[in-house]
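I opened the file to work through pockets, sheets and helix packing. My entries follow in the order I looked things up.

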Amino acid sequence: MGGLRIERDDGVMRVTLARPERRNAFDASLIAELTEAFANVGQAHAVVLAGDGPAFCAGADIEWQRSSIGLSFEENVEDALRLYRMCETIDRCPAPVVGRIQGYALGGGSGLAACCDIAIAATDAVFGFSEVKLGIIPAVISPFVLPRIGQHARRYFLTGERFDAQTALRIGLVHELADDLDAAVERVVGELLSSGPTAVREAKRLVRERPGGDETAEIAARMRTSEEGQRLLRAFLERRKG
């Protein structure tokens with residue numbers, strides 16, 4: 001059986017890490033499955049990334065790490081690149097990605113949180129970049145984590161210490177804490193579904209690419225004259241008139 005569960009319903013694609021007996025730690029197989037899933041979201045209006053059981057993702061599977069000890073330098077580079085491409089595919093997913101984070105989100109699990117557009121965590125979730133405890137560093141996930149937590153990496157990358165959900169919120173790794181995690185995730189998904197799907201994707205692209213000057217004016221005009229823009233603007237104005 002694969003380590004991933006994928007469900008599609010009413011414009012929402014739900015991608016669930018399904019290795020609860022391993023705290024959803026990823027190995028080569030799960031990395032490949034996640035990469036494929038996020039490369040094929042189709043026309044989904046939103047994607048929810050979650051973990052089955054009590055943990056979101058405890059990082060790299062211990063058996064997978066053990067097998068890497070015997071790899072050559074070149075083989076290690078290829079192994080690391082597969083992990084990087086997984087993170088990149090999630091980060092660049094054209095549809096908005098909502099992370100549902102509970103329990104442990106350690107190492108690569110914290111990296112996954114950073115790849116989500118909107119990360120919502122349970123109040124008792126536990127985070128950490130624990131790689132240095134194993135004599136390695138969070139190199140592959142750093143391009144995705146550093147834009148989120150900035151200077152705070154100078155502490156948490158170096159110490160490898162675990163930190164609580166309140167700290168994750170304070171440093172910007174997650175966006176919201178919730179006692180009722182499912183309700184909070186569904187509220188955000190509802191907001192995404194109530195907006196123009198093309199507009200949401202283009203807004204995500206805008207944030208990623210940060211165009212300037214004339215290009216922003218052209219983007220605004222393109223969206224305003226699009227079928228979706230015309231339809232939703234007219235509907236809004238009609239409601240205001242009424």
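**Entry: largest pocket**

Which residues lie nearest the centre of the largest pocket? I noted that the model is predicted before reading anything off. Then I listed the lining of the largest pocket, which holds 30 residues. Ala 60, Gln 65, Glu 131, Leu 134 and Ile 136 lie nearest the centre.

I looked up the volume next. The largest pocket has about 1000 Å³. I sorted its lining by class and got 17 nonpolar, seven polar and six charged residues. I also checked for helices in the lining. Helix H2 (62-68) supplies at least two residues, and so does helix H3 (73-91).

**Entry: second largest pocket**

I moved on to the second largest pocket, with a volume of about 540 Å³. Its lining has 20 residues. Closest to its centre I found Asp 91, Asp 117, Arg 148, Val 207 and Arg 208.

Which helix gives the largest share of this lining? I found that H9 does, with five residues. I put H9 at residues 197-209. Each of H3, helix H4 (108-115), helix H5 (142-149) and H9 supplies at least two lining residues. By class, I recorded 11 nonpolar, one polar and eight charged residues for the second largest pocket.

I flagged H3 for a closer look. This helix supplies at least two residues to the lining of the largest pocket, and at least two to that of the second largest pocket.

**Entry: H1 against H3**

I followed H3 to helix H1 (residues 28-39). The axes of H1 and H3 come within 9 Å. They cross at roughly 30°. Angles under 35 degrees count as roughly parallel, so I logged H1 and H3 as roughly parallel to each other. I recorded their crossing as left-handed.

**Entry: six-stranded sheet**

I traced the strand order next. Six strands form an open sheet, E1-E2-E3-E4-E6-E9, with mixed pairing. Which strands are at the edges? I found E1 and strand E9 (176-178) there, each pairing on one side only. Neighbouring strands of this sheet are turned by 20° against each other on average, direction ignored.

Strand E1 (residues 4-9) and strand E2 (residues 12-17) run antiparallel and are joined by six bridges. The hairpin of E1 and E2 has two residues between the strands. There I found Asp 10 with a positive phi near 50°.

Strand E6 (residues 118-122) runs parallel to E9, and three bridges join them. I found Ala 121 opposite Leu 177 in E9.

**Entry: three-stranded sheet**

I found another open sheet, of three strands, in the order E5-E7-E8. Its pairing is mixed. Why is one side of E5 and of E8 left without a neighbour in the sheet? Strand E5 (104-106) and strand E8 (162-164) stand at the edges with a single partner strand each, so one side of each has no neighbour in the sheet.

I noted Leu 106 opposite Gly 128 in E7.

Note on methods: Residues numbered from 1 in each chain as written. Predicted model: local features only at pLDDT ≥ 70, side-chain atom pairs only at ≥ 80, totals over all residues. Heavy atoms only, no water. Pairing = 2+ DSSP bridges. Helix = DSSP H or I, 4+ residues; strand = E, 2+ residues; numbered from the N terminus. Axes fitted to C-alpha atoms, helices over the stretch in contact; angles between N-to-C directions. 1 Å grid on protein atoms, 1.4 Å probe; cavity = no way out; pocket = protein on both sides within 12 Å on 5 of 7 lines; lining within 4 Å. Points joined across faces, edges and corners; volume = space filled by probe spheres on them. Nonpolar A, V, L, I, M, F, W, Y, C, P; charged D, E, K, R; others polar. Parallel < 35°, antiparallel > 145°, perpendicular 65-115°, else oblique. Left-handed = near helix turned anticlockwise from the far one by under 90°.
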